[in-house]
Amino acid sequence: SNVMRLKMKIIIILATVLLTGAGSTEAEILTFESGHHVFTSEDPYYDEVFVENNASLDFLSGDIGKLETIHYGSVDIYSGNMDSLWAFDDSVVDIYGGDIDLLAAFDNSEILIYTEDYMYSPLGGSEGYGYIEGLYYNSAVAFYISFYDDTSYSHITTVPEPTTIMLFVMG
């Protein structure tokens, strides 16, 4: 609901203020509101990157603090490092690689993780709400992603799904 979404955004803002400290230097923020964009290690570090209103982003490499998708934004992550990934409002995120410390997903957002082998645990992780770990598909690079809350995992689809693999094997 809108009230729940507003409460969540207020909590996020308050947590950000508490973690960064009041009176700290101004955060570097980058916002993509339309069109297609590419982010690489050539781009400077940003505390927050927003992808919103049908904008799309290919995150090829680099480092950012928080990546947030809003209002049908879409992101493909291939490599790089980010402290947190937040998906809202019917956005779609495809994860092919990269180092993501924390994942939060809300509303009708969808997260697809391309993995050949993974394990999900509803307990543990940095926030205590579980994690997913495994190997990215095609690269066999290990990943470990903690969940912000106990509903974030419900937004995840792993690709290829185990049943898809069985269909290929069985012909």
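A salt bridge is a side-chain nitrogen of Lys or Arg within 4 Å of a carboxyl oxygen of Asp or Glu. This definition guides the first stops of the tour.

The structure is a predicted model, in which local features need pLDDT of at least 70, side-chain atom pairs count only at pLDDT 80 or more, and totals for chains, interfaces and linings use all residues. Residues are numbered from 1 along each chain as its sequence is written, and side-chain values use heavy atoms, with hydrogens and water left out.

**Stop 1: the whole chain.** Display the protein chain as a cartoon. Its secondary structure comes to 2 helices and 13 strands; helices (H or I, at least four residues) and strands (E, at least two) are DSSP runs, numbered from the N terminus. Of the 171 residues, 42% are buried. Buried means under 20% relative accessible area, exposed over 50%, and partly exposed in between (1.4 Å probe, protein chains only).

**Stop 2: K66 and E68.** Select these two residues and show their side chains. They meet in a salt bridge, with N and O 3.1 Å apart. K66 is buried, at 11% relative accessible area, and E68 is also buried, at 7%.

**Stop 3: E48.** E48 forms a salt bridge with K66, the closest N and O atoms being 3.5 Å apart. Because E48 lies in strand 3 (residues 46–52) and K66 in strand 5 (residues 63–70), the pair ties together parts that are 18 residues apart in sequence. E48 counts as buried, at 15% relative accessibility. A search of the whole structure finds 2 salt bridges. Salt bridges that share partners join E48, K66 and E68 into one network.

**Stop 4: strands 10 and 13.** Select residues 110–121 and 156–159. Strand 10 and strand 13 run parallel and are joined by 4 bridges; two strands pair if DSSP finds at least two bridges between them. Within strand 13, T157 is the bridge partner of L112. Which residues of strand 13 are on its covered face, and which on its uncovered one? I156 and T158 form the covered face, whereas T157 and V159 form the uncovered one.

Stop 5: Select Y78, which is found in the loop between strand 6 (74–77) and strand 7 (81–87). Y78 is partly exposed, with a relative accessible area of 37%.
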